[in-house]
Every structure is written in C-alpha cells, then in structure tokens.
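Here's a quick briefing to read with the model open beside you.

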Amino acid sequence: MDFETRAIHEGQEPDPATGAVTVPIYQTSTYVQDAVGEHKGFDYSRTANPTRRALEICLASLESAEYGFGFSSGMGATTTVMHLVAPGDRIVAVNDVYGGTYRLFSKVYGPKGYEFEFAGHDDVAGAIDERTRLVWIESPTNPLLNVVDIRAVADAAHAAGAVVAVDNTFATPYLQRPLELGADIVVHSTTKYLGGHSDLVGGFAATNDPTVAERLAFLQNSLGAVPGPFDSWLVLRGLKTLALRMQRHCENARAVAEFLTGRAEVEQVFYPGLPGHPGHEIAARQMSDFGGMVSFLAASVEEAEGLVARTKIWKLAESLGGVESLIEVPYAMTHASTSDAPFAAPENLVRLSVGIESVDDLVADLEAALVRSAATA
Ligand SMILES: Cc1ncc(COP(=O)(O)O)c(C=O)c1O
C-alpha cells in the first residue's frame, strides 16, 4: 500500500470488541490475567499498550522500518538510543543539531565519559574513525537547514563498524526515509510534524536491525520514557493527514523563502529548496520535497528581535511543525543551550516554521513586520 493509505490504516484495524473505526484510547495501566502469565499480550502499560502499539506499527511502516518504539518526548527517544553506547565510546555528531540534543550530549553524557566530536555538516563522514561507535545526524539541520548526505555518512560509518542514527524530525518520513538511505536508526520528536497540531510532546525511534530492536525494546521498558495512551492517539491521528499537511507546508515554505530572498532587509535565506542552497542537490536526491522550515539572517540582532515581536499571524514561540506558523530567534530561544559552543546559531538568525495558513496572509504579515523593522532602524 502507498504511504497515504498506510498512514490511515496500518496497525489500525477496527476494534475487535466494538467495531470502533478509530483505535480506542486504552487508558489503562494494567490488564487482567486469567492465570499467572495468561493474558492477551499486554500485562503492564510501560511495557506495552494497545494504543501505543498501533502508533508504533503505523509509524514504523511509514519509516520503512520493521520495529518502532514510542517515547514520551523526542529527548526521551534520544536518551534511550544513547544507551546503545557506553562511557568511553566515541560518538560523532553533526554540529548543527537541536540545542537540547547538544545539551544532552555535551552536558549530560560528556561528563560521564562519552567522547563526542561535533563535525560540520560536510565533515561528518570524514570525522568517523574505527573508534566511532555511533554517528548522530539531522538533515535538514536545526536551525541552519544544512543538508547532510545520509548515504555517504552511512557508508563511512558502516566501514568503521559504527551505527548511524538520523533525527528525521524536520523532514518527516513523507519527505525522507533515512533507513532506505542506509541509516540504522531513525529518531523523531513527534511533537512536531507527526503530531502536527502543537498539542502534545512525544518521541519515536525505529530500526530494521533485529539486534538493535531487541535492545531498544528492553531499554524502552527499562528506562520508562514512554508516551501515554492519549498522546499516542493524538500522534496516530496526526499521521492520517501528514501527507496533505506536508504538501502544503512545503508549498508555503517555498513561497516564503522566495519572498524573503528578494528583500533588502534580509541578509541571507536558508532553505534547501532554493537552487542556490549549497545542499540543494543532495536534498533533491534524498528528499521528495524540501520541507516547511526556513531560516534567514536579519540585518542585526535588534532587527531580528524587533521583527519576531511584530508579526501577528506568525506567533513568537519555540517548537515547530504545527499547522500554525511560528517564528523565533534560535540563539536566544530553542538553541540557547548552544550559545557557548563555537558553532552557536548566529544571534541575528530568525527561524520560521511555515504553517498551512493562506500563504498570501503569511507573506503579507512578514512583509508588514519587515517594512516596519526597516522604518524603525
Ligand atoms: C530536530 C529536533 N529533534 C529533537 C527535538 C526534541 O524533541 P522534544 O521536544 O519532543 O523532546 C526537537 C525539539 O525541538 C527538535 O527540533
């Protein structure tokens, strides 16, 4: 079945007890047993829950994965995957990662003896050596929209015996499927496009490697960063419209990036869909479209901060991937935890999560804020 059909039906047979067409929210912590160990496949909801199971089956299918695991947040998924490696192991990560991921790596795992090397988006493959156990990448990256060649990184990692994890939050499986490109593990913050409505926090990891899957299942249950049934259900509902939403996100983002490219108030626009973007060709090869995130450099920090406070439809807020458009300054907001790193986000960078509203309204709102920004400069 095609992607759009699986997004609606995979793992979601009508409820055998009642015929309910949508998967019920099994809001229960435990399950009755007829005798010791005699149950219907569920004994405790940290270990397994039918609503979470439906999500895991559906989203694994969308990522072309055999095995999928739900988590309470994107960071819960990342933390769990990090337990595949041990203190003393060398981990190569792209340096333009989500600020929370950088914080986890550098401030939680680094002091425990994990050895991190943060490499530029073009230097990840070259930074891998025979001591590397895990390679962690995002593509497109957050917040600079750099593109990492996933197949080239996977080839270099496998030659060194390392495992590759790709945070696919920005692209979603509708636009990019890292496991098909050679990655071993795909990770998500389902908080973003997969949920799609800014009404939950969740995470996910998937793989085709049975040994990795067995370990992740053990870790998911042992560490316990699992999503509740209602949040699992919200993500499941979000997935049903993922394809449609992503088409509109991409369409609107392209128009916004083109609009910004022509503006005197804007120093530089970052969007992999622009032919002049350095990662455009790789993105065109490994993605089916270029996504809904756009970043740009305002003329100064003051201009950036003034602009984001003036837009009306674009809400000044952290996060991304919802139906509504959001605007923010990564240096002071989502990426404040990288501000002490040599690769901190530029202070005058503005990040846009382009929503699915009327693109004319979105452009008009940005234009008004830019004009007033120039007038007050
Ligand atoms: C690319 C990326 N990965 C991971 C995360 C962390 O996800 P969560 O906030 O669901 O823990 C985020 C959050 O902004 C993100 O943008």
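Two strands pair if DSSP finds at least two bridges between them. Helices (H or I, at least four residues) and strands (E, at least two) are DSSP runs, numbered from the N terminus. Bear in mind that this is a predicted model, where local features need pLDDT of at least 70 and side-chain atom pairs count only at pLDDT 80 or more, while totals for chains, interfaces and linings use all residues. Residues are numbered from 1 along each chain as its sequence is written, and side-chain values use heavy atoms, with hydrogens and water left out.

**Strands and sheets**

- Strand E9 (residues 293–298) runs antiparallel to strand E12 (residues 349–353), and five bridges join them. Across that pairing, valine 294 sits opposite leucine 352 in E12.
- Both strands belong to an open sheet of five, ordered E8-E9-E12-E11-E10, with mixed pairing. E8 and strand E10 (315–316) are at the edges with a single partner strand each, so one side of each has no neighbour in the sheet.
- Elsewhere, strand E1 (residues 67–71) is joined by five bridges to strand E7 (residues 203–207), and these two run antiparallel. Glycine 70 has phenylalanine 204 in E7 as its bridge partner.
- Four of the five residues of E1 are buried, so the rest of the structure largely encloses this strand. Buried here means under 20% relative accessible area, exposed means over 50%, and partly exposed is in between (1.4 Å probe, protein chains only).

**Around the ligand**

- There are 13 residues around the ligand, and Gly74, Asp167, Ser189, Thr191 and Lys192 come nearest. A residue is near a molecule if one of its heavy atoms lies within 4 Å of it.
- The shell splits into three nonpolar, seven polar and three charged residues. For that tally, Ala, Val, Leu, Ile, Met, Phe, Trp, Tyr, Cys and Pro count as nonpolar, Asp, Glu, Lys and Arg as charged, and the others, Gly among them, as polar.
- A ligand nitrogen is 2.6 Å from an N or O atom in the side chain of aspartate 167.
- Taken alone, the ligand exposes 390 Å², and the protein buries 91% of that. Accessible areas come from the Shrake-Rupley method with a 1.4 Å probe; for residues, only the protein chains shown count as cover.

**Two buried polar side chains**

- Histidine 277 sits in the loop between strand E8 (266–270) and helix H11 (280–286), and it's buried at a relative accessible area of 9%. A polar atom of the histidine 277 side chain lies 2.8 Å from the backbone nitrogen of glycine 279.
- Asparagine 252 is in helix H10 (residues 242–261) and is buried too, with a relative accessible area of 2%. Leaving out residues up to four places away in sequence, asparagine 252 touches Val354, Gly355, Ile356, Glu357, Val359 and Leu362, where contact means heavy atoms within 4.5 Å.

- The serine 139 to proline 140 peptide bond is cis, with omega near -10°. The asparagine 142 to proline 143 bond is cis as well, with omega near 15°.
- Threonine 172 has a positive phi, near 70°, and counts as buried at 0% relative accessibility.

Key. A polar contact is a pair of N or O atoms within 3.5 Å; within protein, one must be able to donate a hydrogen and the other to accept it, and residues adjacent in sequence count only if both atoms are side-chain atoms.
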